[in-house]
Amino acid sequence: MTVFEGRFTDLSGLRLAVVVARFNDLVTAKLLSGCLDCLSRHGVDVSETSAQLDQAWVPGSFEIPLVAKRLATSGRYDVVITLGAVIRGDTPHFDVVVAEASKGVATVSRESGVPVIFGVLTTDTMQQALERAGIKNNLGWSYALEALEMGSLMRAMPS
Ligand code: INI
């Protein structure tokens with residue numbers, strides 16, 4: 001029996017891309033900083049000259065799937081992380097943005113065969129979003145861990 005699982009060591013060859021939405025950047029910048037902290041502590045080069053990690057900024061979460069698709073299908077990355085924050089209180093079209101972002105990310109991941117981590121926070125209030133972006137916990141850290149696990153798992157599996 002073979003058990004396939006992701007590992008958090010020997011990540012030297014792993015190539016990652018992060019797509020970050022500027023909308024609510026008070027929140028998304030904090031998610032990004034938690035994400036980079038986690039990647040760095042697991043040995044990923046997150047420096048400005050890194051050949052292991054690239055970033056793409058998009059206006060809002062609605063645009064995330066398009067850019068995630070370009071990155072995932074480029075053949076350059078083992079895993080793509082998406083970071084966004086959609087806040088119901090400020091967003092009459094909350095449901096539309098969330099549905100497009102979540103369906104879009106799932107579709108890109110399935111169709112490209114590249115793991116795309118869904119790191120779009122969906123909350124009722126800015127306070128809740130900030131709590132998940134560092135005041136209580138920084139989910140950017142968790143999204144990075146999930147990316148490392150999935151990137152490593154996919155490399156371990158037969159193609
Ligand atoms: N984008 C977000 O990422 N979060 C939001 O809360 C949000 N609100 O409030 O509208 C939001 N809107 C912008 C949207 O993602 C697109 O950028 C815009 O509609 C242009 O396509």
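Reader: By class, how many nonpolar, polar and charged residues does the lining of the largest pocket have?

Author: This is a predicted model, in which local features need pLDDT of at least 70, side-chain atom pairs count only at pLDDT 80 or more, and totals for chains, interfaces and linings use all residues. Residues are numbered from 1 along each chain as its sequence is written, and side-chain values use heavy atoms, leaving out hydrogens and water. A pocket is an open set of points, on a 1 Å grid over the protein atoms alone, where a 1.4 Å probe fits with protein on both sides within 12 Å along at least five of seven lines; lining residues have an atom within 4 Å of a point. By class, the lining of the largest pocket has six nonpolar, five polar and two charged residues.

Reader: What volume does the largest pocket have?

Author: Among its 13 lining residues, Phe23, Gly60, Ser61, His93 and Val97 lie nearest the centre. The volume of the largest pocket is about 190 Å³.

Reader: Which side chain has an N or O atom 2.7 Å from an oxygen atom of the ligand?

Author: The ligand sits in the largest pocket, with more than half of its atoms within 2 Å of the grid points. An N or O atom in the side chain of Asn24 is 3.2 Å from a ligand oxygen. For the distance of 2.7 Å, the side chain is that of Ser61.

Methods: Polar contact = N/O pair within 3.5 Å; in protein donor to acceptor, adjacent residues only side chain to side chain. Points joined across faces, edges and corners; volume = space filled by probe spheres on them. Nonpolar A, V, L, I, M, F, W, Y, C, P; charged D, E, K, R; others polar.
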